[in-house]
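Please look over the sequence and the model below before reading on.

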Amino acid sequence: METSLDRRGFLKTLAIGSVVAAGAGLAGCAPQQKGGASAVTTSGTGLPEAWDEECDVVVVGSGYAGLSAAYEASKAGADTMIVEKMSTIGGNSAIADGDFAVCMSSAQKAKGIEDSVDKYVADMMTAGLGLNDEAKCRVLAEKSNETWEWTRSELGVEWDVDEKGEVNVIPYGGHNTVRTIHPALGHGSAMTVPLTSKLDEMGVPMKTNRMVVKFFRDETGRVMGIQVNEKAKGNDPATGDPRYIKANKGVVLASGGFGKDVAWRMQHDPHLDDTVDCTNQDGATAEALAAAMKAGALAVHLDWIQLGPWCSPDETGYGKGPSYIDANVAYGMSIDPQTGKRIVSELADRRVYSNAIVENGVPLLQIVDEQNIPKWNFEANLQPAIDAGITKKLATIDEVIAAYSLPDEFKAQFARYNGYVESGVDEEFGKMIPKDAKPLGAGPYYITRIWPKVHHTMGGVKTNMDAQVLDVDLKPIPGFYAAGEATGGVHGACRLGSCATADCLVNGRLAGQMAAKDSAAQ
């Protein structure tokens, strides 16, 4: 791992602004189809001579967006099918924390937290450098509470509560109002599992090991169906057995992002090579997005690729670190071990925080004492982080200094930080100090090294307010819908943490509803 970190000087440019985009076109980076699996026998219109399967709505992908789209489409009476590239259902959503940014919720009101749609939108736009589609941000804010209540009433999702039995609301980086709600189960399967169960009850088939490699359009331009390659190997669209699925009403693209696709992400940011780890599951690659673009979909913001700043360099992939580390950013401090000083607000948005760490050149140390670790985080995530070897427990501050050879300045920084917590004002970096935060006490202390990893791709196909995919003439492609990380433009330069759950569920439900009432294909 140390060798990898030494090479990461390549990311220095991230700290001065936007991610560098590759200037070349996309033709060279799209996965190439070859051989028998991609050979299509078509009619004169370019459609398959025969369809192997048929339904009203076919949903590509089975994360939050895909599952909620399929649920709503089926609920509206459409004969619906999910196709999933991987062997299991859930995608990245199943392994995510499941945190949900909810505006003007009953949980906020119970704790006296004032929020508004305008505040939610402002936070998204600030993090996104104003590149976001503001109207879509507003829909997320307006629909977030309704959708959260839907997870409770219709899906039966339970959310973390405090000692009084009231739903907890937790601070999150980049949000200037406390509005994030954490599932009691502690990860995204709190929503993917009940959605999957609901779809089972509704008789919706969820067919795994099916990679989408082509979207078919008829002579009018309408998307009529898809080609999937069954049992494709290694995310290779040239492998597997082709099958053709007709969609009489619509196709919903909910295939997620391409953070795990090194070749693709390097076309948009050459610095993000294979020395940069990624939190995503292995299916987070670009085949479906490439197929959508080949079918005429407009893609936007592909060069904005988010790094998660709350990852550990002492494990690979998502691991045990992010769930534990991210919950502590509001309640502890992170320092440069070379100087003993803080370098950034620990509650900055992900782009700002990641850029600061990378520009600094070495992993920061997150320092939190036992009394400041949120109860749910202490119970669910601390011991796994210790067992994974990424978090160390040390009894006193002198032991911390000795273990990491910290300079004398660290004690002065420690005292300054505690003063900010006591006063509620961070005079160095403007961090929002939570009301329940306490000055770092006598110990024990828990120390974790942090270093960014690729986490989310903000780019994807462009959609309108009805979740319809747009073509290069900015016109809706009939019969084609999309939601979630497969879309671009919602989050701009940087997605705020816990807004993805809102994005995927709000727009996934919308895409399913719209596809279900689309005019039937002729």
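**Cysteines, cores and pockets**

Cysteine 278 is buried, at a relative accessible area of 3%, where buried means under 20% relative accessible area, exposed over 50% and partly exposed in between, with a 1.4 Å probe and protein chains only. This is a predicted model, in which local features need pLDDT of at least 70 and side-chain atom pairs count only at pLDDT 80 or more, while totals for chains, interfaces and linings use all residues. Residues are numbered from 1 along each chain as its sequence is written, and side-chain values use heavy atoms, with hydrogens and water left out.

**Cysteines**

- Across the whole structure, the search finds 0 disulfides, a disulfide being a pair of cysteine sulfur atoms within 2.5 Å.
- Cysteine 278 takes part in no disulfide, and the nearest cysteine sulfur, that of cysteine 311, is 9.0 Å away.
- Cysteine 103 is also buried, at 3% relative accessibility, and its sulfur lies 10 Å from the closest cysteine sulfur, in cysteine 499, which is too far for a bond.

**Nonpolar cores**

- The largest nonpolar core holds 57 residues, of which Tyr120, Met124, Trp148, Trp159, Leu199 and Val252 touch the most other members; such a core is a set of buried Ala, Val, Leu, Ile, Met, Phe, Trp, Tyr and Cys residues joined through side-chain atoms within 4.5 Å.
- Elements giving two or more residues to this core include helix H4 (117–127), helix H5 (134–153) and helix H14 (499–516), helices being DSSP runs of H or I with at least four residues, numbered from the N terminus.
- H14 provides the largest share of this core, 10 residues.
- Beyond its neighbours within four places in sequence, tyrosine 120 is in contact with residues including Cys103, Arg179, Cys499 and Ala502, contact meaning heavy atoms within 4.5 Å.
- A second, separate core has 42 residues, among them Met333, Leu347, Leu364 and Ile450.

- The largest pocket has a volume of about 1000 Å³; on a 1 Å grid over the protein atoms alone, a pocket is an open set of points where a 1.4 Å probe fits, with protein on both sides within 12 Å along at least five of seven lines, and lining residues have an atom within 4 Å of a point.
- Its lining comprises 35 residues, and the closest to the pocket centre are Lys111, Asn168, Val169, Tyr331 and Asp436.

Terms used: Points joined across faces, edges and corners; volume = space filled by probe spheres on them.
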